[in-house]
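Here are my notes on this one, jotted down point by point. Have the structure open while you read.

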Amino acid sequence: MKKIKNIMDKAGILTFILLLIFQSCSSSNDSSDGGLDNPAPSNLTVQVEVVGKTAANPDGDGSGKVNLKINAANAISYKVLIDNQLKEITSGDFTYTFTTAGTKAYSIIVSAYNASGQFISSTSSVNIYVARKLLWSDEFDVDGVPNTSKWGYNTGTGDGWGNNELEYYTSRPENVIISNGTLKIKAIKEEYMGSHYTSTRMLTKGKFSFKYGRAEVRAKLPVGGGTWPAFWMLGDNIDTAGWPLCGEVDILESVGNNPNVNHSSLHSPGRSGNTPDTATITVANSTTEFHVYAADWSAESIKFYVDDKLFYTYANSGSTPFNQNFFLILNLAMGGNFGGTVDPNFTNATFEVDYVRVYN
């Protein structure tokens with residue numbers, strides 16, 4: 001939670017750098033023929049086949065796969081700059097699979113080299129459609145404790161999380177259980193290990209993390225002043241880099257003292273705590289109906305949605321922490337800097353989750 005473009009944009013800069021590498025590893029492409037025994041490459045052709053391309057599906061079948069057939073006279077090797085990645089090959093047959101979901105135009109730069117490093121280059125462009133694929137999920141359809149191969153727990157007092165929270169996090173079934181097809185995280189007013197409230201904070205750290213894609217939760221929020229449910233992500237390197245250098249992406253945060261308002265925020269060095277990188281959206285009936293809270297994350301942006309309605313776009317770049325693997329967290333806090341004053345009549349409340357899913 002709280003603790004936590006133009007040609008020379010990030011992708012353009014990376015492409016530019018790779019192009020320099022592309023060319024610096026060879027001798028200059030001058031007009032000499034390299035000698036009778038080593039003539040310069042010539043007649044470079046590049047055929048790009050988009051797998052599954054038809055009149056009905058002009059950008060492919062959703063697999064994201066392209067096949068290249070490369071040929072040049074006097075060439076012994078090739079370099080392919082594709083999707084900001086540099087590939088070196090000796091065969092003229094090359095296959096690549098794009099993974100970013102959606103339809104996007106990509107440039108492909110191919111250079112053919114002879115033995116002395118002379119080269120010629122060709123640039124082509126291709127539109128590719130990549131279908132959304134499920135990478136990881138928990139549907140919470142088996143009664144009992146959450147799947148330990150998918151989830152672990154942070155336990156201990158809320159003070160330990162840096163937000164002046166009031167709960168003690170446990171993994172007890174009193175605080176976390178799956179029943180009737182949903183996960184239920186329950187905050188309870190009780191005396192426990194010196195704290196006045198108990199709840200649960202569960203996470204996929206060490207079990208699952210991902211870089212870029214869509215993370216979403218379908219959830220119904222708890223009722224009561226002081227409640228603070230959240231679905232969020234932290235960088236895998238938190239143990240070495242610390243917070244906020246690891247980065248934090250808050251997809252769902254809501255507080256019972258201001259019901260039906262979802263906050264989505266990002267925390268990074270110099271922009272943490274009371275971060276300026278944040279937005280809100282009103283979610284009607286958030287405590288009585290299930291809604292889908294999601295973030296679409298790429299190298300260029302992080303877009304936040306509720307029920308597929310886009311309400312906030314963050315411009316990502318190479319200077320942020322949001323270009324590494326992140327793991328998932330579900331928790332229900334009580335009070336603290338953001339949760340605020342707990343209703344004196346509070347006894348218990350439940351954060352109910354239908355599923356958590358991550359797509360490419």
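1. Let's start with Thr170, which counts as buried at 4% relative accessibility. Bear in mind that this is a predicted model. Thr170 sits in the loop between E11 and strand E12 (176-179).

2. What does the side chain of Thr170 touch through polar atoms? One of its polar atoms lies 3.0 Å from the backbone nitrogen of Arg172, and a polar contact of 2.7 Å joins the Thr170 side chain to that of Asn175. If you set aside the neighbours within four places in sequence, Thr170 is in contact with Tyr153, Thr155, Asn175, Tyr192, Thr198, Ser199 and Thr200.

3. Tyr192 from that list also turns up in the ring pairs. A search of the whole structure gives 16 aromatic pairs. One of them is Tyr168 with Tyr192, edge-to-face, at 5.3 Å centre to centre and 65° between the planes. The pair ties together distant parts of the chain: Tyr168 belongs to strand E11 (residues 167-169) and Tyr192 to strand E13 (residues 182-192), 24 residues apart.

4. Are the two tyrosines buried or partly exposed? Tyr168 has a relative accessible area of 17%, so it is buried, the cut-off being under 20%. Tyr192, at 24%, counts as partly exposed.

5. Now take Phe322 and Phe326. Their ring centres are 6.0 Å apart and the planes stand at 35°, so this pair is tilted. Both Phe322 and Phe326 are buried. They also belong to a cluster linked by ring pairs, along with Trp136, Phe140, Trp151, Phe208, Phe210, Tyr212, Trp297 and Tyr314.

6. Trp136, a member of that cluster, has a charge to look at too: Lys150 lies over its face, at 5.8 Å from the ring centre. Elsewhere, Arg357 lies over the face of Tyr355, at 3.5 Å from the ring centre.

7. Finally, the sheet. Which strands make it up, and in what order? Four strands form an open sheet in the order E4-E3-E6-E7, with antiparallel pairing. Strand E4 (85-89) and strand E7 (119-130) are the edges, each pairing on one side only. From one strand to the next, the twist averages 20°.

8. Zooming in on one pairing in that sheet, strand E3 (residues 77-82) and E4 run antiparallel and are joined by five bridges. To find your way on screen, look for Tyr78, whose bridge partner in E4 is Ile89. As a reminder, strands of a sheet pair through backbone hydrogen bonds.

Key:
Residues numbered from 1 in each chain as written. Predicted model: local features only at pLDDT ≥ 70, side-chain atom pairs only at ≥ 80, totals over all residues. Heavy atoms only, no water. Pairing = 2+ DSSP bridges. Helix = DSSP H or I, 4+ residues; strand = E, 2+ residues; numbered from the N terminus. Axes fitted to C-alpha atoms, helices over the stretch in contact; angles between N-to-C directions. Phe/Tyr/Trp six-rings, centres within 6.5 Å; stacked < 30°, edge-to-face > 60°. Buried < 20%, exposed > 50% of the residue type's maximum accessible area, 1.4 Å probe, protein only. Lys NZ or Arg CZ within 6 Å of the ring centre and 35° of its normal. Polar contact = N/O pair within 3.5 Å; in protein donor to acceptor, adjacent residues only side chain to side chain. Contact = heavy atoms within 4.5 Å.
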